[in-house]
Structures are given as structure tokens and as C-alpha cells.
Amino acid sequence: YLSLMTMKGYQTLPFSVEFSHIRQKFLDNVSAWSRKEFEKLEDIITFENEDHPYKSAYLKEIIYSILDNYVVLIRYKEKDYQIQFYQVSTSFNQWYGCGIDRSTETYKVFRCDKITFLKQTDCYQPLTREQIISHLPDFSQRKYQFYAEILPRFADVYYKENYPTIQLIQENHSFYLKGTYDDGELPFILRYLSRYSEGIISLKPERLKQELIRYFETQLKRLALLYDLNNSF
């Protein structure tokens with residue numbers, strides 16, 4: 001029942017089943033005493049789930065494409081992709097589909113709620129599980145690496161939302177972020193590191209440190225412009 005409660009904040013659940021329906025079916029199959037106890041649990045235990053208004057219209061189809069091993073044509077942010085999905089994951093009540101872009105044979109991750117069209121396609125022969133694994137990127141081989149020492153209390157920021165390209169390393173009483181990225185991912189890395197702004201002790205390489213300083217300067221200029229606009233009224 002507690003596991004069921006963790007799903008309460010999801011806008012979309014697999015196989016188009018609503019949370020309220022699952023909960024009611026569960027409670028209908030336990031004793032009256034157990035039902036009262038479970039309902040008490042709802043009042044005394046809460047899970048920090050963020051509610052999202054975005055529905056993942058094709059979540060069920062993505063899962064079936066993985067189970068039945070076929071390639072799908074999807075439309076994502078106004079662009080079409082031929083994808084063989086191999087995994088569905090969730091973070092902060094958002095669903096993500098991980099797959100291989102068959103036109104480029106590269107690894108990609110899609111936010112499921114941003115997929116606006118999906119259909120099965122026979123343009124490509126489906127890969128086996130072993131072949132899919134061989135296509136997964138070795139994140140250690142990316143173009144750039146960075147190291148950031150952070151204050152211990154900021155380790156919580158990492159655990160709240162982490163990514164496969166970034167690790168948290170503890171050495172004695174010190175904490176370090178170790179990550180890799182390519183050229184096109186610099187804006188993402190800067191936004192990610194900005195969450196640790198008050199907790200960064202040191203950052204390498206120097207090039208990335210200067211990029212982060214410029215990022216903060218840009219944000220300050222935007223705030224100053226907003227302040228000026230508000231004062232003009």
C-alpha cells in the first residue's frame with residue numbers, strides 16, 4: 001500500500017489505469033480492519049511527489065514496443081525519429097524513454113510527455129538486447145571532464161536528481177562531483193552546476209569555471225532588466 005502511495009502524484013500511469021481505480025481495487029480486497037489501518041497510513045505518511053499537468057499519451061505504447069521488440073516512429077518537439085526503446089525510467093514524476101535512434105545508431109533519452117505521435121514501423125530490423133547494449137554510450141569517453149568539490153550538505157542536491165554522466169565521490173570528509181560532457185551539452189552542465197552555486201568550493205577545468213561565471217553574469221543581467229521593467233510601471 002505504501003508503494004501504491006508513491007504513484008499518487010503521477011499524471012500518467014502505464015496501461016491507462018488511474019491511480020484512484022488501483023487504490024479502490026486494492027482496498028476492496030482487504031478486510032474492513034485492514035482498510036481502516038491503510039487509510040490511517042494515508043493521513044500520517046506523505047511522500048514528496050511533484051504533481052505535473054503533463055500527460056504521457058504514449059507511455060503504454062512505448063512499454064509494449066520494448067516488450068514486443070519493435071521500432072517505432074515518434075514525433076518529438078516537431079521532429080521525427082525512428083527509435084527502438086529499451087528502457088522506461090521515472091524521475092520527479094516524469095516518465096523518460098531511453099532508446100537507440102536507428103537512423104544514426106545513437107543513444108537518446110526522450111521525455112515521454114513531449115512525444116506527440118507514435119506508431120510502429122518496419123523501416124529497420126529490430127536489434128537484439130545484446131546489440132542494444134553494445135550501442136549504449138561509454139560516458140567516460142566523452143570529450144570533456146569536470147571535477148567540482150562541494151560542501152557536504154550539498155550532497156543532497158545530487159541525490160534529488162542525478163544523471164548517468166555525473167557521479168558523486170566521497171573521499172574522507174570531502175565530496176566531489178565528477179562528470180563528462182560533449183560540446184552540445186555545455187548549457188545543460190551550466191544549469192546543473194548552478195544548483196550548487198553556494199556549495200561549490202572549487203571547479204576544474206578553468207574553462208568550465210569561466211563559463212559558469214558568465215552564466216551567472218547573464219542571469220544577473222536578466223534579473224536587473226526585470227527589476228528595471230518593474231520599476232518603470
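## A helix across the strands

Helix 4 (residues 59–67) lies across strand 1, strand 2, strand 3 (94–101) and strand 5, and runs at about 95 degrees to strand 2. Such angles, from 0 to 180 degrees, lie between N-to-C directions of axes fitted to C-alpha atoms, for helices over the stretch in contact; contact means heavy atoms within 4.5 Å. Helices (H or I, at least four residues) and strands (E, at least two) are DSSP runs, numbered from the N terminus.

This is a predicted model, where local features need pLDDT of at least 70 and side-chain atom pairs count only at pLDDT 80 or more, while totals for chains, interfaces and linings use all residues. Residues are numbered from 1 along each chain as its sequence is written, and side-chain values use heavy atoms, leaving out hydrogens and water.

Now look at the open sheet: its five strands follow the order 4-3-2-1-5, with antiparallel pairing. Strands pair if DSSP finds at least two bridges between them. Strand 4 (106–111) and strand 5 (115–121) are the edges, each pairing on one side only. On average, neighbouring strands of this sheet are turned by 45 degrees against each other, direction ignored.

Five bridges join strand 1 (residues 71–76) to strand 2 (residues 79–91) in the antiparallel sense. Arg75 has Asp80, in strand 2, as its bridge partner.

## The whole chain

In total, the chain has eight helices and nine strands.
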